[in-house]
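Thank you all for making the time this morning.

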Amino acid sequence: MKNNIALDLYAHCGFAHAYQCGYSITVGELSKPTQHPNLAAAEMHNTRGIAYSQKGEQDKAIEAFSKAIDLKPDYANAHYNQGLAYLKKGEVDKAWSASYRAIQCKRNYAEAYTNRGIAYHLKGETLYALQDYTMAIGLNQKLTEAYTNRGSLHLDKLDIQHALDDFHIAIKLDPNAGLAYGHAGIAYLHYQHWKKTKADWIVASILRVDIRPLFYTRYESVAAFAQKTGIQLPADVSDMLCPDKPMPEFEEGARLKLALKAYKNRELSTGLSARLAGMSREAFIYAMGKHGLSPFGTVEEIRELGF
């Protein structure tokens, strides 16, 4: 269960690249650094650590980040990246410590607060996790993973409306935020909005997010959910949670209509919308022209379709 939660929480997190090596800064961008005698060598080890971690070799990655830190102890990005590597290994306490050190090196490091929040979350210290996610959002209001993770905490506490507020912001910031769609579908269960649940879960599935672990790590079973909430799930909704059944298929016209709405409302890219419609990207673009749709619309329309 811990591994499923960990994968859920840090799925959006990116590595912090070195400043001067010509890489695109994804997170934790440093201000223009002063000349440091060991900076170039530290950046080299940091970049090497990122490569190791992306290959799944976390021990080598952690060693490389440690070398970068030895050369430049205040290297915030290396501390942050080391925290991510420890999370991938499931070493939560070490991940917390590395994130803490990143924050000490750079007090406005929003992504490091998110990382430390994940560690708190996994340790069950939800109040501190909530504080760190909120701090991260205050520092960077476009940080999708912080909204998604904070929404997950709200959902755990059955604060459904605040959870949905965070998931909807995450989706608006990143139309490919599959985890936010998956969690939002679970939140809608509590309001018995079956159509919205199904629509969000279908989109999550298209974005390659398996919604079943998200549900079962919270409720263990459909029966347990009913006992805890007093809500009986309809058969078509509970079928989507069955591990032995594939995600249900819509008939062709319904899938196309849903995909056209999703693209019109800027929920999905043309490629993802085409996958939802079950056709090539070129065929989907042709269908858009045939239906005369503009790319403008309200964000919530997709959840009101009623499929």
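This is a predicted model: local features need pLDDT of at least 70, side-chain atom pairs count only at pLDDT 80 or more; totals for chains, interfaces and linings use all residues.

The secondary structure of the protein comes to 17 helices and zero strands, and of its 307 residues, 50% are buried. If we take the contacts between residues at least 6 apart in sequence, 60% of them join residues at least 24 apart.

Helix 3, which covers residues 58–71, packs with helix 4, residues 76–89, at an angle of about 160°, and their axes are 9 Å apart. Because of that angle, helix 3 is roughly antiparallel to helix 4, and the crossing of the two is left-handed. On the helix 3 side the contact includes Ile62, Phe65 and Ile69, and on the helix 4 side it includes Ala78, Ala85 and Tyr86. Charged residues take part as well, among them Asp59 of helix 3 and Lys88 and Lys89 of helix 4, and taken by class the contact residues divide into seven nonpolar, five polar and three charged.

Helix 5, residues 92–105, and helix 6, residues 110–123, pack at an angle of about 155°, with their axes 8 Å apart, so helix 5 is roughly antiparallel to helix 6. Their crossing is left-handed. Helix 5 brings to the contact residues including Val92, Trp96, Tyr100 and Ile103, while helix 6 brings, among others, Tyr113, Arg116, Ala119, Tyr120 and Leu122. Here the contact residues divide into ten nonpolar, two polar and three charged.

What is the angle between helix 8 and helix 10? These two pack at about 20°, with their axes 10 Å apart, and they are therefore roughly parallel to each other. Helix 8 passes helix 10 in a left-handed crossing. Thr148, Ser152 and Leu155 in helix 8 meet Leu179, Ala180, His183, Ile186, Ala187 and His190 in helix 10, and by class that contact holds five nonpolar residues, four polar and no charged.

The largest nonpolar core has 47 residues, of which Leu155, Ile186, Leu189, Trp201, Phe215, Phe225 and Leu233 touch the most other members. Helix 10, residues 178–191, gives this core its largest share, eight residues. There is also a second, separate core of 17 residues, which includes Ala85, Ala119, Tyr120 and Leu122. Ala85 is one of the residues in the contact of helix 3 with helix 4, while Ala119, Tyr120 and Leu122 belong to the contact of helix 5 with helix 6.

I would like to finish with a few single residues. His45 is found in helix 2, residues 39–54, and because its relative accessibility is 12%, it counts as buried. Leaving aside residues up to four places away in sequence, His45 touches Ala64, Lys67, Ala68 and Leu71.

Is Lys195 buried or exposed? Lys195 sits in helix 11, residues 194–206, and since its relative accessible area is 51%, it is exposed. Lys195 and Val237 are 42 residues apart in sequence, and from C-alpha to C-alpha they are 9.1 Å apart in space.

The last two residues concern backbone angles. Most residues other than glycine have a negative phi. Glu220 lies in the loop between helix 12 (211–219) and helix 13 (222–229), and because its relative accessibility is 67%, it counts as exposed.

Definitions and conventions: Residues are numbered from 1 along each chain as its sequence is written. Side-chain values use heavy atoms; hydrogens and water are left out. Helices (H or I, at least four residues) and strands (E, at least two) are DSSP runs, numbered from the N terminus. Buried means under 20% relative accessible area, exposed over 50%, partly exposed in between (1.4 Å probe, protein chains only). Axes are lines fitted to C-alpha atoms, for helices over the stretch in contact, and angles run from 0 to 180 degrees between N-to-C directions. Angles under 35 degrees count as roughly parallel, over 145 as roughly antiparallel, 65 to 115 as roughly perpendicular and the rest as oblique. A crossing is left-handed if the near helix is turned anticlockwise from the far one by less than a right angle, and right-handed if clockwise. Contact means heavy atoms within 4.5 Å. Ala, Val, Leu, Ile, Met, Phe, Trp, Tyr, Cys and Pro count as nonpolar, Asp, Glu, Lys and Arg as charged, and the others, Gly among them, as polar. A nonpolar core is a set of buried Ala, Val, Leu, Ile, Met, Phe, Trp, Tyr and Cys residues joined through side-chain atoms within 4.5 Å.
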